[in-house]
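Please work through the following exercises with the sequence and the model side by side. Each task is followed by a solution in steps.

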Amino acid sequence: MRDHATEFPTRTQDETHTVGCTVNGREYEAVVDPRMTLADFLREKLRLTGTHLGCEHGVCGACTVIVDGAATRSCLMLAVQADGAQLETVEGLAEDGELSPLQCAFKRNHALQCGFCTPGFLMSVTAALREESVTTEEQAREVLSGNICRCTGYTGLVKSVLEASAGKDAQA
Amino acid sequence: MSDTLVPEGTMIGRRLERREDERLLAGHGGYLDDLDLPDALAAAFLRSPHAHAKILSFDATEALALPGVIAVFSGADLMEIQKPLAPKVQHPQLRDYPRLPMPPAELHYVGEPLAVVIAESRYIAEDAMELIEVDFEVLPAVASTAAALQENGPLAHSGDETNVAVLLSQSAGDAAKALAEAPNVLSDEFFVMRGGGHSMETRGVAARFEAATGQVTIWDTTQAPHYARQQLSVIYEMAEDDIRVIAPADVGGGFGPKAQFYGEEVVIPWVAMKLGRAVKWVEDRQENMVTSMMERSQTHRVDVGFDNDGLLLAVKDVIEHDQGAYCAGLQVPSITTSTVPGPYHVPNIAIELRACYTNMVPTSSVRGAGRPQAVFVMERMIDRIAEHLGLDPAEVRRRNLIQADEFPYKVGIMFRDGSPLTYDSGDFPTLLEGTLERIGYDEARALQAKLRQEGRYLGIGLSVYIEGCGLGPYEGAKIRLTNKGRILVTLAAAGQGQGYETVYAQIAADGIGLDMDYIEVKTGDTARIPFGQGTFASRITATCGPAVMDAAKQMRERLLDTASVLLGCDASEVDFVGDKACLGGDLEKSVSLQQLAQTANIGKHGITMPRGIKAGIETSSYFSPERAAYASGAHAALVEVDPETGEIEILKYVIGHDCGNVINPLLVDGQVLGGFAHGIGNAMYEEPVYDVEGQPQATSYLDYALVSATEVPPVELFHIQTPSPLNPLGVKGAGEGGTIPAPATIANAVEDALRPLRARVTRAPITPARIVDAIVAAAAGQD
Ligand code: FES
Ligand code: FES
């Protein structure tokens with residue numbers, strides 16, 4: 001409708017960058033447009049499609065991954081910014097095909113229905129539980145509040161966080 | 001939370017964890033955008049920036065010149081598919097204004113697609129959209145039903161005579177007379193705001209054409225693949241056999257909007273056929289906010305007549321319903337009209353519906369589908385009756401409720417499925433009493449009185465509702481013994497996260513008498529099962545469930561018959577031990593499922609089959625319910641309202657739910673609790689505001705509030721089970737019961753809290769600003 005072509009170059013193919021990073025312990029390297037988001041990089045370039053896009057504007061949390069230890073919305077970060085980073089995505093949570101205690105708690109408490117929001121919840125909560133344990137329902141709701149689930153109504157999610165946190169403490 | 005009596009030895013009724021969870025939790029789900037379609041092109045739609053405008057010129061020259069752009073098609077370039085998308089539910093009096101897949105001349109809402117760009121990536125397609133030049137003639141827009149129905153106002157479709165889509169009325173008895181004679185009459189006007197489905201996965205379509213076979217394969221995030229195929233075969237003038245619609249095994253939520261049929265579903269496969277290349281379009285959230293169908297917005301002007309004991313004598317309700325720019329179907333308003341009387345004896349009823357066109361995105365079903373509005377109106381008026389007579393609102397409900405021994409109960413008006421509105425079974429008084437008990441009703445009233453002395457505003461809200469569900473016409477299932485010796489249950493219905501792979505394996509396991517481990521369930525692919533309707537209106541358990549059970553029983557017979565021939569005994573002597581059919585439980589005298597498949601299905605090329613064996617172990621069944629079944633429930637909320645800020649704090653919430661027999665309590669609880677969160681959104685937060693020009697003002701989640709874990713309060717849930725006599729499983733729908741009465745419950749609670757201030761709650765969502773306004777207005781009125 002409007003012609004921005006003169007003001008903003010719309011094609012950036014010529015200035016591609018090479019991004020190298022570690023995802024779930026494995027090293028990857030790929031050539032990307034500088035404007036490619038980290039989410040698209042994971043999904044399209046690395047074909048790690050467990051990370052989902054629900055809003056692409058940083059509110060729903062579906063795209064959450066862990067970047068150098070911090071829960072991060074991969075729709076709000078560019079792939080080039082992840083150059084050299086250590087990334088964790090939902091695909092790396094299970095070890096040798098065994099679901100993590102948090103994943104098991106999700107299953108037990110019916111904390112997922114369509115499953116679309118689930119990877120984002122799992123990654124946000126995984127990062128949060130590494131920082132501190134969650135012992136009250138209120139804390140659990142705080143931890144969950146950065147992600148949106150349209151299906152489950154959160155009851156099962158709250159329980160899962162509490163159970164996973166309690167389990168973690170028991171092991172420690 | 002459920003107390004289900006599980007019959008000994010059955011899978012039905014068991015609280016089983018879901019099979020689909022394993023892959024979903026590991027990040028291995030297969031949603032539409034995860035499909036590996038090598039070389040697929042990306043599509044992006046150019047959409048109307050105006051609520052109402054004519055396209056004067058269209059120029060894509062520059063866009064086409066952009067490297068990576070493969071094609072650009074405007075509506076005018078695809079005239080062969082510009083055929084009306086039929087409304088889902090029709091009426092002979094409906095003035096249907098044709099909804100075209102991608103209109104070539106005039107656009108009727110912001111977001112309506114007018115061109116599609118096909119490029120090597122979505123990034124490039126969006127760049128190209130910026131380079132398309134379109135000249136519009138902007139026309140006056142209609143952005144509310146009030147504007148639509150005003151005399152000599154603007155028209156949503158230029159050249160039309162009126163914005164009215166249909167005027168309908170339903171009545172039983174003589175409401176006008178009863179209202180004229182009633183000792184008490186109360187009236188008010190209520191408005192319920194639009195809201196969307198907001199599935200976390202947006203809509204999407206991908207398609208690939210096989211020139212060699214002339215067949216097109218379409219992946220579609222639809223709730224109803226067979227419905228989509230039906231529409232496409234008409235529009236493309238292609239045999240349905242040449243169109244395969246697949247709803248991927250994993251769809252990220254439906255909630256109604258994905259059961260509708262959209263222009264993009266017509267355009268993408270057509271473009272794939274034209275270009276001979278696979279094409280994929282995935283809606284982004286901004287598109288979803290303006291182009292996925294919404295629901296809810298209705299204005300109700302209601303009069304109720306009642307005697308001095310609070311008994312209802314008559315209800316009259318005049319409903320203005322917003323169809324949006326086109327009528328995608330009349331299902332929602334017709335459900336509203338039949339939901340108004342609810343669980344109460346209403347001897348005289350008159351309902352008038354005025355459905356009209358506006359220049360906003362078309363409306364259709366969203367979780368609850370027309371029921372929350374009706375419940376809002378009726379439950380508000382029950383509270384008003386109590387207030388007027390100085391009675392307790394629970395007592396007024398008690399006096400009017402249909403009793404447990406009155407089923408089947410004929411309401412006197414018609415339901416949307418075309419049958420007289422008849423409630424099959426239920427026990428409304430038990431639901432209400434159970435809810436009152438759990439919320440601690442008497443104590444809550446005492447606390448309310450005490451806190452009022454301290455200037456605090458505690459309120460109790462109650463709602464009782466019914467939900468027509470399990471609608472026809474039919475749903476089916478096919479069961480086959482596979483070559484590997486496993487049982488494959490195939491459903492036409494496409495799941496949206498409800499857990500079909502688990503639930504229907506439970507039912508099939510009981511029907512066949514075989515362990516669930518040997519049973520697999522596939523859904524939503526028109527190539528796998530010829531007929532189907534789809535997932536909507538909480539209908540699948542009550543329609544597909546009986547079909548699965550019946551096909552499974554036939555399968556048991558076929559398996560045991562075949563085994564008995566091979567074992568040389570009577571079929572009655574054979575039963576399953578693991579995956580083997582055994583004579584008298586003896587594993588030495590057994591045949592495995594795989595052997596049965598080898599004999600009856602695979603056979604030996606050119607060799608005569610053992611005598612007595614029937615070839616091809618496959619069964620199927622279609623179930624058509626006689627009419628809708630009725631789920632029901634009661635909600636109760638205890639809230640505190642801060643009259644300074646208008647903030648509502650939900651202190652306690654109780655749900656009583658009855659969906660007949662429960663197949664899997666874990667999943668039913670999940671459905672109700674999930675629906676409840678949606679209901680809280682409708683009650684307090686969700687509002688897709690449009691300005692007077694029809695411009696949507698809330699097009700991201702920064703402006704449109706979806707509830708998170710901190711907004712949805714804990715809830716206590718209990719079930720009662722009144723089996724439906726309309727299907728052999730005795731089941732009813734559970735998908736919407738959490739949503740339907742939540743806005744009414746919160747509204748009742750807030751108005752109850754503010755009763756000393758006489759503030760009126762007449763709109764949902766009930767936001768802090770509206771509460772403060774209502775308090776101010778009440779104070780001004782009293783001066
Ligand atoms: S997709 Fe990144 S926050 Fe929603
Ligand atoms: S499980 Fe569907 S959005 Fe959370």
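**Conventions**

The model is predicted: local features need pLDDT of at least 70, side-chain atom pairs count only at pLDDT 80 or more, and totals for chains, interfaces and linings use all residues. Residues are numbered from 1 along each chain as its sequence is written, chains are lettered from A and ligands numbered from 1 in the order in which they are written, and side-chain values use heavy atoms, with hydrogens and water left out.

**Exercise 1.** Determine the setting of Thr64(A) and state why it is classed as buried or exposed.

*Step 1.* Thr64(A) belongs to strand S3 (residues 64-67) of chain A.

*Step 2.* Thr64(A) is classed as buried because its relative accessible area is 5%.

*Step 3.* A polar contact is a pair of N or O atoms within 3.5 Å; within protein, one must be able to donate a hydrogen and the other to accept it, and residues adjacent in sequence count only if both atoms are side-chain atoms. A polar atom of the Thr64(A) side chain lies 2.6 Å from the backbone oxygen of Gly61(A).

*Step 4.* Beyond four places in sequence, the contacts of Thr64(A) include Thr72(A), Arg73(A), Met123(A) and Asn147(A).

**Exercise 2.** Carry out the corresponding analysis for Gln170(B).

*Step 1.* Strand S7 (residues 164-172) of chain B contains Gln170(B).

*Step 2.* Gln170(B) has 15% relative accessibility and therefore counts as buried.

*Step 3.* The side chain of Gln170(B) reaches the backbone oxygen of Met414(B) at 2.9 Å. Met414(B) is also among the residues that Gln170(B) touches beyond four places in sequence, together with Thr337(B), Ile349(B), Ala350(B), Ile351(B) and Ile413(B).

**Exercise 3.** Identify the nonpolar cores and their members.

*Step 1.* A nonpolar core is a set of buried Ala, Val, Leu, Ile, Met, Phe, Trp, Tyr and Cys residues joined through side-chain atoms within 4.5 Å. The largest contains 144 residues, and those touching the most other members are Phe106(A), Tyr154(A), Val315(B), Tyr423(B), Tyr653(B), Ile746(B) and Val750(B).

*Step 2.* The element giving the most to this core is helix H10 (residues 371-389) of chain B, with nine residues.

*Step 3.* A second, separate core has 52 residues, among them Val489(B), Ile512(B), Cys544(B) and Val548(B).

*Step 4.* Neighbours within four places in sequence aside, Phe106(A) is in contact with residues including Phe121(A), Leu157(A) and Leu25(B).

**Exercise 4.** How many cavities does the search find, and what lines the largest cavity?

*Step 1.* On a 1 Å grid over the protein atoms alone, a cavity is a set of points where a 1.4 Å probe fits but cannot get out; lining residues have an atom within 4 Å of a point. Grid points are joined across faces, edges and corners, and a volume is the space filled by probe spheres set on the points.

*Step 2.* The whole structure has five cavities of 30 Å³ or more, and the largest holds about 130 Å³.

*Step 3.* Its lining comprises 17 residues, with Glu20(B), Ala249(B), Asp250(B), Gly497(B) and Glu501(B) nearest the centre. Helix H1 (21-25) and helix H14 (500-512) of chain B each supply at least two lining residues.

Notes
Helices (H or I, at least four residues) and strands (E, at least two) are DSSP runs, numbered from the N terminus. Buried means under 20% relative accessible area, exposed over 50%, partly exposed in between (1.4 Å probe, protein chains only). Contact means heavy atoms within 4.5 Å. On a 1 Å grid over the protein atoms alone, a cavity is a set of points where a 1.4 Å probe fits but cannot get out, and a pocket is an open set with protein on both sides within 12 Å along at least five of seven lines; lining residues have an atom within 4 Å of a point.
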